[in-house]
Amino acid sequence: MTAPRELRFPGRGRVLVCADPDAAARLCAERFAAAAREAVEARGGFAVALAGGSTPRRAYALLARAPLAAAVPWERVQFWWGDERCVPPGHPRSNFRMAREALLSRVPVREGGVHRVRGELGAARAAGAYARELGEAWGGGPPRLDLVHLGMGADGHTASLFPFAPALLERRRLAAPALHAGEPRVTLTPPALNSASHLEFLVTGADKAARVRTVLRGALDPLRIPAQLVRPASGEPLWILDEAAAARLEAEE
């Protein structure tokens, strides 16, 4: 596989540009496996928040196959989610269901290692329960997730943090209710996301190119462009893009 091109946008993020969506998914999966091994060797465990949607599904399916599946210490992995729709876990639109089908049902995850958002409780109750579980897992402090996978919509939203949503202003709660196009959801909040060691965006497709450029090169306006709001404890997120999503990054406009 051709090595990805690297671009730097100081203060905004490091970018790895892959040839196509499959190459981007493979890089994402490889980085997951490497991060899991590193964290387990250093601290005895690996805590990751998964993303929903079709783009990360490719990466999760690759993780479930040889040779990557054999490289991950699955019994030491704790799985969380960046957001979830308020639907039962078997619903076609459930982020948990996608991850279960693509990955969790295919690898030897540990009992008690999967922490799904209980969206069937409704947004307010599910957000409260998820926030409590996160707090308890880290002794009442902010969650110290080793890795958070994120996507980005053409409107600049990430997780279920949508433009001008109340959750963007959250400074204390770890999870909050969200609403988009009439659909109730639960999302990790900026304090929960930004306490992570590493944040990785996986974004593909030409329809995202203009927004990718705005996030990384445009004026800072995080209420309008929520992806600008998230920044890991290490300082900058990593963006894994395909050539189509990166097409406008280097152009002078």
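Biologist: How many aromatic pairs does the structure hold?

Modeller: There are seven aromatic pairs in the structure. Rings of Phe, Tyr and Trp (its six-membered ring) pair if their centres lie within 6.5 Å; planes under 30 degrees apart are called stacked, over 60 edge-to-face, and the rest tilted. One of the pairs is Trp74 with Phe79, which is stacked at 6.3 Å centre to centre and 15° between the planes.

Biologist: Before we go on, what sort of model is this?

Modeller: It's a predicted model: local features need pLDDT of at least 70 and side-chain atom pairs count only at pLDDT 80 or more, while totals for chains, interfaces and linings use all residues. Residues are numbered from 1 along each chain as its sequence is written, and side-chain values use heavy atoms, leaving out hydrogens and water.

Biologist: Thanks. Is Trp74 buried or exposed?

Modeller: Trp74 is buried, because its relative accessibility is 3%. Buried means under 20% relative accessible area, exposed over 50%, and partly exposed in between (1.4 Å probe, protein chains only). Phe79 is buried too, at 0%.

Biologist: How long is α1, then?

Modeller: Helix α1 (residues 21-43) has 23 residues and spans 32 Å from first C-alpha to last, close to the expected 33 Å. That expectation is 1.5 Å times one less than the number of residues. Helices here are DSSP runs (H or I, at least four residues), strands likewise (E, at least two), numbered from the N terminus.

Biologist: Switching topic: what order do the sheet strands come in?

Modeller: The open sheet has three strands in the order β5-β8-β7, paired antiparallel. β5 (83-85) and β7 (175-180) each have a single partner strand, so one side of each has no neighbour in the sheet. Strands pair if DSSP finds at least two bridges between them, and three bridges join β5 to β8 (residues 183-188).

Biologist: And where is Arg116?

Modeller: Arg116 lies in the loop between α4 (95-102) and α5 (123-137). Arg116 counts as buried because its relative accessible area is 15%.

Biologist: What does Arg116 touch?

Modeller: Leaving out residues up to four places away in sequence, Arg116 touches Trp81, Pro89, Phe96 and Tyr130; contact means heavy atoms within 4.5 Å.
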